Amino acid sequence: RQLMNGSQGKVKEIQYEDGDHPNHSELRRRMPCSVIVDFPEYVGPPFFEEADRRTLVPLLPRTLSHKEEKDYLERTMYPLTLACALTPWKAQGMTLAKLKVKLKHALTSDRA
């Protein structure tokens with residue numbers, strides 16, 4: 001279906017249950033119920049009926065836990081990594097469909 005670890009997409013929507021929001025007084029009600037991401041290469045069954053939403057995929061939170069002797073740790077998160085969080089070492093070997101380069105200063109003839 002063309003999705004795997006390292007697949008790149010754009011976050012299009014962050015959805016909350018009715019009454020939930022990022023500043024809710026109850027901590028458990030601050031987390032979105034899903035994050036809708038546009039993966040242009042996605043070819044699996046559509047999650048939405050509209051043709052223009054064909055490549056949108058809802059991501060649900062995942063809870064991971066770890067137990068050691070007396071300690072029990074649990075974390076709920078989304079399987080997302082911000083693009084700006086990629087280091088050259090993480091990005092090495094990735095096949096990218098497109099690339100954006102932002103040069104801080106334009107080259108001029110006297111600097112060349």
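These legends go with close-up views of a predicted model. Residues are numbered from 1 along each chain as its sequence is written, and side-chain values use heavy atoms, leaving out hydrogens and water. Local features need pLDDT of at least 70 and side-chain atom pairs count only at pLDDT 80 or more, while totals for chains, interfaces and linings use all residues.

**View 1. The largest nonpolar core.** Seen here are Val-35, Val-37, Phe-39, Tyr-42, Val-57, Leu-59 and Tyr-78, the 7 residues of this core. A nonpolar core is a set of buried Ala, Val, Leu, Ile, Met, Phe, Trp, Tyr and Cys residues joined through side-chain atoms within 4.5 Å. Buried means under 20% relative accessible area, exposed means over 50%, and partly exposed is in between (1.4 Å probe, protein chains only).

**View 2. Around Phe-39.** Leaving aside residues up to four places away in sequence, Phe-39 touches Leu-3, Ser-7, Gln-8, Gly-9, Thr-55 and Val-57. Touching, or contact, means heavy atoms within 4.5 Å.

**View 3. Asp-20 meets Arg-29.** These two side chains form a salt bridge, at 2.5 Å from N to O. A salt bridge is a side-chain nitrogen of Lys or Arg within 4 Å of a carboxyl oxygen of Asp or Glu, and the structure holds 4 of them. Asp-20 is buried at 15% relative accessible area, while Arg-29, at 21%, counts as partly exposed.

**View 4. Glu-26 and Arg-28.** Here's another salt bridge, with the closest N and O atoms 3.3 Å apart. Arg-28 is exposed, at 66% relative accessibility, and Glu-26 is partly exposed, at 34%.
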